[in-house]
Amino acid sequence: MSRDTVVAKRYAKALYSAAVEKGITLEVEEQLKAVVEVLHSDQEVQRFILAPRISESDKLKVLRTALQDKLSPIVMNIVELLVERGRTDIFAELLDTYIKIEGDALGIGDAKVYSVYSLSEEEKAAVAAEFGQLVNRKIRVTNVVDPSLLGGLKVYIGDTLYDGSLSSKLERLEKSFNDKHRR
């Protein structure tokens with residue numbers, strides 16, 4: 001386990017405990033997702049956060065002004081703490097670990113579902129119901145479009161892959177065909 005993973009896990013546990021105390025675990029998750037999205041998708045924000053010539057105090061002033069009404073105090077505190085310590089690189093890992101801790105505590109599993117096209121809400125609900133029974137948890141589905149699958153689905157729940165994609169089935173068929181012809 002890398003040092004960043006250990007650090008992110010420590011922060012995620014503390015953040016989750018604080019969120020439980022306030023009764024805002026799901027809100028904290030959504031706010032963390034928004035912070036990670038901005039940090040990873042906005043080039044200007046990234047340059048600002050990583051700029052060595054801008055002091056941490058100036059970065060914090062700008063962040064407080066921009067985020068003061070958008071984040072709960074506990075999420076704002078973690079943002080400030082990680083900026084002060086120059087650890088903005090662990091936000092994504094912090095979010096992933098927080099979601100895992102939250103899911104374990106609430107009996108929720110997160111499924112990343114890869115499909116050739118964007119799934120409708122009904123299709124997401126069907127996937128959630130089927131895999132929820134399989135893993136005995138309530139499942140939240142995040143859909144990722146991947147045209148290389150040709151058809152079917154790939155579903156990741158935690159570290160487990162359920163691969164029902166057409167491309168994977170074709171690969172297995174080809175491998176079995178090749179194995180039979182080598183004998």
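In what order do the 4 strands of the open sheet stand? In this predicted model, the order is S2-S1-S3-S4, and the pairing is mixed. Strand S2 (138–145) and strand S4 (160–163) have a single partner strand each, so they form the edges, and one side of each lacks a neighbour in the sheet. On average, neighbouring strands are turned by 20° against each other, direction ignored.

Take the S3 and S4 pair next. Strand S3 (residues 153–157) runs antiparallel to S4, and 4 bridges join them. Lys154 has Asp163 in S4 as its bridge partner.

Two helices pack on this sheet. Helix H6 (residues 91–106) touches strand S1 (108–115) and S2, and its direction makes about 120° with that of S1. Helix H7 (residues 121–135) touches S1, S2, S3 and S4. The direction of H7 makes about 130° with that of S2.

H6 provides the largest share, 9 residues. By type, the lining has 10 nonpolar, 5 polar and 10 charged residues.

The second largest pocket has a volume of about 290 Å³. It is lined by 17 residues, with Val38, Val45, Leu63, Ala66 and Leu67 nearest its centre. At least two lining residues come from each of H2, helix H3 (43–50), helix H4 (56–67) and helix H5 (73–84). This lining divides into 15 nonpolar, 1 polar and 1 charged.

Key. Residues numbered from 1 in each chain as written. Predicted model: local features only at pLDDT ≥ 70, side-chain atom pairs only at ≥ 80, totals over all residues. Heavy atoms only, no water. Pairing = 2+ DSSP bridges. Axes fitted to C-alpha atoms, helices over the stretch in contact; angles between N-to-C directions. Contact = heavy atoms within 4.5 Å. Nonpolar A, V, L, I, M, F, W, Y, C, P; charged D, E, K, R; others polar. 1 Å grid on protein atoms, 1.4 Å probe; cavity = no way out; pocket = protein on both sides within 12 Å on 5 of 7 lines; lining within 4 Å. Points joined across faces, edges and corners; volume = space filled by probe spheres on them.
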